[in-house]
Amino acid sequence: ALAGRHASATGQRHKASGWMRSATMAEQTAHDTIRGVVYGSTLTVWPFSLGPESPGCSRFPRPGSPSRSSGDDLRRPSVPRAKLHALVAALPPCTIGMEACSGAHHWARLFAQHGHTVKLMAPKFVTPYRMSGKRGKTDAADAAAICEAMQRPNMRFVPVKTAEQQSRLMVHRARQGYVEARTALFNRIRGLRAEFGVVLPQKAEVVRREAARHMDTLPGYGKTVIEDLLAEVRHLDERVRQYDVHVQAMARDSTPAQQLMQIAGIGEVTATAIVATVGNAREFSSSRQFAAWLGLVPGQYSSGGTTRLGHITKAGDAYLRGLLVMGARSVLNAAGNKTDSISRCATNIALRRGYWRAVAAVAAKNARLAWAALTKGESFTLQPERGRNARSSGPAPCVSYSPLGTIAALITGVSATA
């Protein structure tokens, strides 16, 4: 069979590689490998001949080969970025591996239109396969590492996002940018007022009120500066409100988002962000794997048969994790006046292990329930607790959903039956 490796990339720095197979008998005598790296505006492609040695080519070992005596050859043509799409379109259907960098999902969709299978990998999973290590990082070494990494049987790939998913994520990115800019303005106002002896607390509403109340005490241009900053804050408030309307519209139009909003601590912003980011939740084999992807499971420091669990890993998407944590805080803060199982479990953990551990536990629980909601679709329905005294002591199952029955696990050690 003809085995070929092809590479493509885009963005500030994008690398890719792949292989293809054809079953025609005439091609069984040729063995070529193409891999490439994009840096800047050009693509450098390395084809490796696994057959007889060709004149005018440099020797280069095949990935995984034990020595340089394998008869592999190297050529280095250069492909401009503008011609990359046409080059890949002319190839027979093959598998293309790329790092999940800027623009990777766009190129993956383009390549898939021509019958290619595209696999995206997180760059941190490619780095260990770079033979030269961290000190010898080159484009050629990165391309070889991608070829090696994508052939690993346990490699985890990033699902390719649709254009609609990315457009919905743009709403969240823009909204979060406005929120961060508004926070920066509040901090700037607090810092400037502190120069004149007025120390304001961090609460936004207090900063607005007190900054306006002490306006007349500012000398010269100080009053003009604070007025302009407060006007910019009001402008950002309006922007955030506009994007809140967009988020509400996305939540109304999305059935998976409506399913997620059944869970306490998950509102419109969190639900739409999870749907847009995750897409097909069945890419995760279990709810715990989904929670681990969000960095909401404890890191392990185990050795010699002794298991040591540390703080949560905080890996993955910090935006999603932050939304889940904020939702968990709202659940825990309101748990004191409620008697449902989740509130009682959260309160029990907060009393035994502390507030922030309870917040992390509720966030992890919500992440697992979110995975169940996305994988089960319309069959996911939260059910009230049955056959148990709401005032009874001791740990309680947190929630159940049909048709799979009860999730009989505590928030501290949740393992959904899904």
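**Exercises on helices, cover and contacts**

Val-225 lies in helix H7, which spans residues 222–253; helices (H or I, at least four residues) are DSSP runs numbered from the N terminus. The model is predicted, so local features need pLDDT of at least 70 and side-chain atom pairs pLDDT 80 or more, while totals for chains, interfaces and linings use all residues. Residues are numbered from 1 along each chain as its sequence is written, and side-chain values use heavy atoms, leaving out hydrogens and water.

**Exercise 1.** State whether Val-225 counts as buried, partly exposed or exposed.

Solution. 
- Buried means under 20% relative accessible area, exposed over 50%, and partly exposed in between (1.4 Å probe, protein chains only).
- Val-225 counts as partly exposed because its relative accessibility is 38%.

**Exercise 2.** Find how many residues of helix H9 are buried, and what covers them.

Solution. 
- H9 runs over residues 268–278, and nine of its 11 residues are buried.
- Among the buried residues are Val-269, Ile-274 and Val-278.
- Their cover includes H7 as well as helix H5 (163–194), helix H8 (255–260), helix H10 (287–293), H11 and helix H13 (355–376).
- After H9 comes Gly-279, with a positive phi near 70 degrees.

**Exercise 3.** Describe the surroundings of Arg-321.

Solution. 
- Arg-321 sits in helix H11, residues 318–333.
- This residue is buried and has no salt bridge (a side-chain nitrogen of Lys or Arg within 4 Å of a carboxyl oxygen of Asp or Glu).
- The nearest side chain of opposite charge belongs to Asp-317, 6.9 Å away.
- The side chain of Arg-321 does reach the backbone oxygen of Leu-294, at 3.1 Å.
- Leaving aside residues up to four places away in sequence, Arg-321 touches Leu-294, Gly-295, Leu-296, Lys-314, Ala-315 and Gly-316; contact means heavy atoms within 4.5 Å.

**Exercise 4.** Summarise the chain as a whole.

Solution. 
- There are 13 helices and 14 strands.
- The chain has 418 residues, of which 41% count as buried.
- Of the contacts with a separation of 6 or more, 57% join residues 24 or more positions apart.

Technical notes:
Helix = DSSP H or I, 4+ residues; strand = E, 2+ residues; numbered from the N terminus. Lys, Arg positive; Asp, Glu negative; His and termini not counted. Polar contact = N/O pair within 3.5 Å; in protein donor to acceptor, adjacent residues only side chain to side chain.
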